[in-house]
Amino acid sequence: MSLTKRKDTLPIPPVDAERYTTVCQYCSVGCGYNVFVWPEKRSGTAKSNAFNVDLSKQSMLLSGFSYTETMHNVITRKNGNRYNLAIIPAKESRINKGDYSIRGGTNALTAYTPTGVTKDRLKYPLLRKENGFVAISWDDAVEIIATLTKNSMDKYGADSVAMKFYDHGSSGLGFEDNWGAGKFFLSGVKTQYLSIHNRPAYNSEVWGSRERGMHELNYDVDDARLADTIVLWGANAYEGATVFYTEHIMPNLQGGSIDEKKSEFAPGEPAEEGRIVIIDPRKNATTTVSQDISAERVLHLRPNLGTDWILANALARIAWENNWYDSAYLQKRTDMVTFEDYKSKSLELAKPLAVFLADAEKITGVSRKEMEEAAAWMAKPKAGGFKRRTLTLYEKGIIWNMKNYDQVAAIAQLNVLTHNVGRPGTGCGRLGGHQEGYVRPGAPTPGSIYAGGPPKNVDKYITGGGGKIYWVGATDPYLSTPNSKFFKKSVKKRANNLLDYLDNGGIPSDPKAYVAKVLEAFEKSDALFMIVQDIYKTHTSEDAMLILPAAGWGEAVDTSINCHSRLLRIYDKFMDAPGEALPDWKILALVGNKIKALYTADGNKEMAERFSGMEWKTDAEVFADGSQEFGDNRATEAEEARLSAECYKGVTHEMLRKLGNEGIQTPVRQDPVTGKLIGTKRRYQYSFASKDGLFKWYGTDAWTGYPAEIAKYINNPTYPFWFTTGRSQHVWQTMYHDKRIPEKLMTVPLPYLEIHPDDAGKLSLKTGDMAEVFNEEGSCLALVYVNDATKPGLVFGIMFHAKGTMNNLTSSYTDPKTTIPWYKGTKVGVKKYNGKLDDAIKTVSLLSNNDFSMT
Amino acid sequence: MSDISRRKFLQTTSASALLLFSGLGRESQAASAQSYSSRKIGNIKNLKVNEPLAFNYPDENSPCVLVNVGHEAVGGIGNGRSVVSFSTRCTHMGCPLTYNNGRLVCKCHYSMFDVSRNGQTYQGLASQWVAQVVLRLDAATGNIYAEGVEGLIYGRIGNLKLS
């Protein structure tokens, strides 16, 4: 018997099947895919087919062509006919070379089908009435939102409209949708209360690097194969950016890229198997896979939560003391005035080395020996005096840490100090979560407190009674915002105030009467009108007044860049969106154009002008319009640093369609001599992205302990465990697709907790039990895995899950310099829960996911 | 309806099979008619816990493993429903899987499959669970017969469609 429906044969696309190129809808890697669509009743043959592969033979291992059960589906187009859909990893993509992850391998299963697991996609605008949501026309939906927004702005000001929208690429989003949302909210509404997907504010997560003159995406996938040492700092690459690890990091550790190194390195320069330094409190699967490849080339440092900038500074001090830096480089490329501040505050040169390192050991929990070894692996010149080549990638473990700004700045500075940027095999930046695709008019807050910030905290604004309209796009804050229980309770209360008011005497059906009554409610009660725009109903949409159906991946033409090469590609449209779902840019344009018409009718030219420029007809027009935001991109190779990281000016959809999986790397520059468009492989070889081209140093803060929101738990025996969160390899974000795919939900059926055997023993917990994880912010029930991923005293939970969120436990603390939350650290209590586990226990695997040993 | 899992479902009464009726199945894809041969692959009396037996099925180009995991497993036969069998071609990119302690492990990209849970990918890259061999136990003799494969064997357009 089988737990899921299985297939033992797959349909074959005929030679003339429709063919499209796209990029995976999920993680930062951006694996290339080829899409085939053909009528359900037609078939190619084993010898003659659109794959151009002989399917009559058993394929060889690692052939680069994979077509599995999860890569096929049957869709229905608007013409009423059924079509086979195959979504296959692209062998010709230099990003994935035919490889794929458990996420991307199920792309086909997420396609909308009227009778399958995705049948509950949103198809029509839905208005909340007395007995739930009812479908309404786009005309009515647009009139309601436009009229409400205009009246709210006129009466209460632009800040009465708040938003929480994605700002990224992939997931069916891209430059087009970001430009649409940006034009509407940043040029049109001009509210200060903007926030980015899961976060409480509108900010970069890496101002600590950008304000130094270094954008975080400055390397190429090739650098992971060329590096002498790779540093993964709070970045679980095997599970989170899987194919980047298996195709680029793993071959380096195995010695498979030595020939590439020899051809790229200087004559006589040593080229050996790569080493890896993993800095993470958990012994995650990235660590154990790397150890399985070669334990002696893996160094695993496990700092105390919230202490990483102290560790980065300690490694930099060790490099400094050993003269593992190039004075000529520092003088030529970095600002020697601010360098004095760095030396005094970050390297603390006035403090004797022994005292400095003893302090660092005490704060971080990492021994001096480990620090010295890590610093040597990162910075000590190789035999013959050749500079070591180190690629340092950080992600949420650093970004969502206690001191976002200082953590990111300290790591950026460690790498520039040791000249590990701008050379083959080096780089310093984000591993990334999702892909990128940001083009918007200027944000109201340009930077951290050192550059005009910090940005407003929208969560605090909304939960504190601020705002009248709250528009949530492609994000589910009830699961994903920090301190989510408090957020949910507060929003629900304000949404119910509105519903109570509307309900009294009946909710009008006529849009004008409806809007009039909502405006009355704004005046007379603490009401919040929430709009949720998404592809499915979400946890948050249960309290929305209006739900808008958005088109998903493959249902519109999108463009995005990946994180590891800034590779811009087209994500072509290969199927229809369900019902009347529309791309996000189009929804925002409909509302924007309506508001413009309302202001024009009022004779208010100034406000009408703010909402103009959204009259796009096609995705390609939006893409072209957005590109104007990048300004003049005529530049020589040596001038690349002054270009915006995602600049694609001059590139068109048609051009990208021809380039297919090859794409072009941003920033794209127009060569001043030839006029040709040229991509940028690697950044900051010639200068940095500051006005004078020099890297700007920054003296980090000293250790001052934990913020009040966390300090209250320290030494409190009710909350003995440090608590951190992360993701599972299997599922993407809130599981919006994955909770519908049986194989995924059976594998990760519940939120889960990892606990060390020593702690589990004291609590009588064993793998497969349920536990309650709790603190003063909230609680979550979780499935228990007892393993050695965490140290005694530390527990780990999946950040959020369709059936519960660990963000109930996180505090409302944000870094005062950036308003970035500390998602990754708080303290909790854990107790056994004696409730009965549902059917999940019969189908979930209870094996340990960080144990690859064969003994 | 000729597809294997449907036929097997109708034959079974085990509790976990009921999951098939709880909304977990995705849109049906009728498999084309396939006719698996019945082949004797071992005897239950000779199987020791966690000592896998290698064999080929449904043809000589398809390596599989038969194992007694020592506890109840989805699709298991024998008194303890503990004997299961799987293809050992990794469903990710076709590398060989090795049996170890209740799991199949691929050393190419580190996918791991739980043999007690229908070949579920509990860690790693393989988006398709590994294909499970349908077994029949002859109670009188203890002989074990392979009689079908549920799920696609990696690298094939159909399990029985090689030329």
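Q: Leaving aside neighbours within four places in sequence, which residues is A:L546 in contact with?
A: This is a predicted model. Beyond its sequence neighbours, A:L546 is in contact with A:P125, A:L127, A:A141, A:I144, A:I145 and A:I531.

Q: Which residues have the most contacts inside the largest nonpolar core?
A: They are A:L315, A:I411, A:M530 and A:L546, in a core of 264 residues. There is also a second, separate core, with 34 residues, and A:Y719, A:A771, A:V773 and A:A782 belong to it.

Q: Which strands does β15(A) pair with?
A: In general, backbone hydrogen bonds pair the strands of a sheet, in a parallel or an antiparallel sense. Here β15(A) pairs in the parallel sense with β14 (residues 469-473) of chain A over 5 bridges, and A:I469 has A:F529 as its bridge partner. Another 4 bridges, also parallel, join β15(A) to β16 (residues 546-549) of chain A. In that pairing A:I531 is opposite A:L546, and A:I531 is also among the contacts of A:L546.

Q: In what order do β17, β18 and β19 of chain A lie in their sheet, and is the pairing parallel or antiparallel?
A: The order is β17-β18-β19 in an open sheet, with antiparallel pairing. β17 (558-561) and β19 (664-665) each have a single partner strand, so each has one side without a neighbour in the sheet. Strand β18 (residues 567-571) is joined to β19(A) by 2 bridges, and A:L567 is partnered with A:Q665.

Q: Which elements make the β-α-β unit that includes β10(A), and what is its hand?
A: The unit consists of β10(A), helix α8 (residues 285-294) of chain A and β11(A), and it is right-handed. Its strands, β10 (residues 275-279) and β11 (residues 298-301), run parallel and share 4 bridges. A:I278 is opposite A:H300 there.

Q: What span should helix α20 of chain A have?
A: At 1.5 Å a residue, the 19 residues of α20(A), 584-602, should span 27 Å, and the end C-alpha atoms are 27 Å apart, which agrees. Just after this helix, A:G603 has a positive phi of about 75°.

Q: Is A:D692 buried or exposed?
A: A:D692 counts as exposed because it has 9 C-beta neighbours inside 10 Å, where 12 or fewer is the cut-off. It is in the loop between β21 (677-678) and α24 (708-711) of chain A.

Q: How many residues of chain B are in contact with chain A?
A: 59 residues of chain B are in contact with 51 residues of chain A. On the chain B side, the elements giving two or more residues are α1 (4-11), β5 (97-100), β6 (103-106), β8 (120-123) and β10 (143-150). By type, that side has 20 nonpolar, 30 polar and 9 charged residues.

Q: What secondary structure does chain B have?
A: Chain B has 1 helix and 10 strands. Of its 163 residues, 48% count as buried.

Notes: Residues are numbered from 1 along each chain as its sequence is written. Chains are lettered from A and ligands numbered from 1 in the order in which they are written. This is a predicted model: local features need pLDDT of at least 70, side-chain atom pairs count only at pLDDT 80 or more; totals for chains, interfaces and linings use all residues. Two strands pair if DSSP finds at least two bridges between them. A nonpolar core is a set of buried Ala, Val, Leu, Ile, Met, Phe, Trp, Tyr and Cys residues joined through C-beta atoms within 7 Å. A residue is buried if 20 or more other C-beta atoms lie within 10 Å of its own, exposed if 12 or fewer, and partly exposed in between; C-beta atoms are placed from the backbone. Two residues are in contact if their C-beta atoms, placed from the backbone, lie within 7 Å. Ala, Val, Leu, Ile, Met, Phe, Trp, Tyr, Cys and Pro count as nonpolar, Asp, Glu, Lys and Arg as charged, and the others, Gly among them, as polar. A crossover is right-handed if, with the strands pointing away from the viewer, the path from the first strand over the helix to the second runs clockwise. The expected span of a helix is 1.5 Å times one less than its number of residues.
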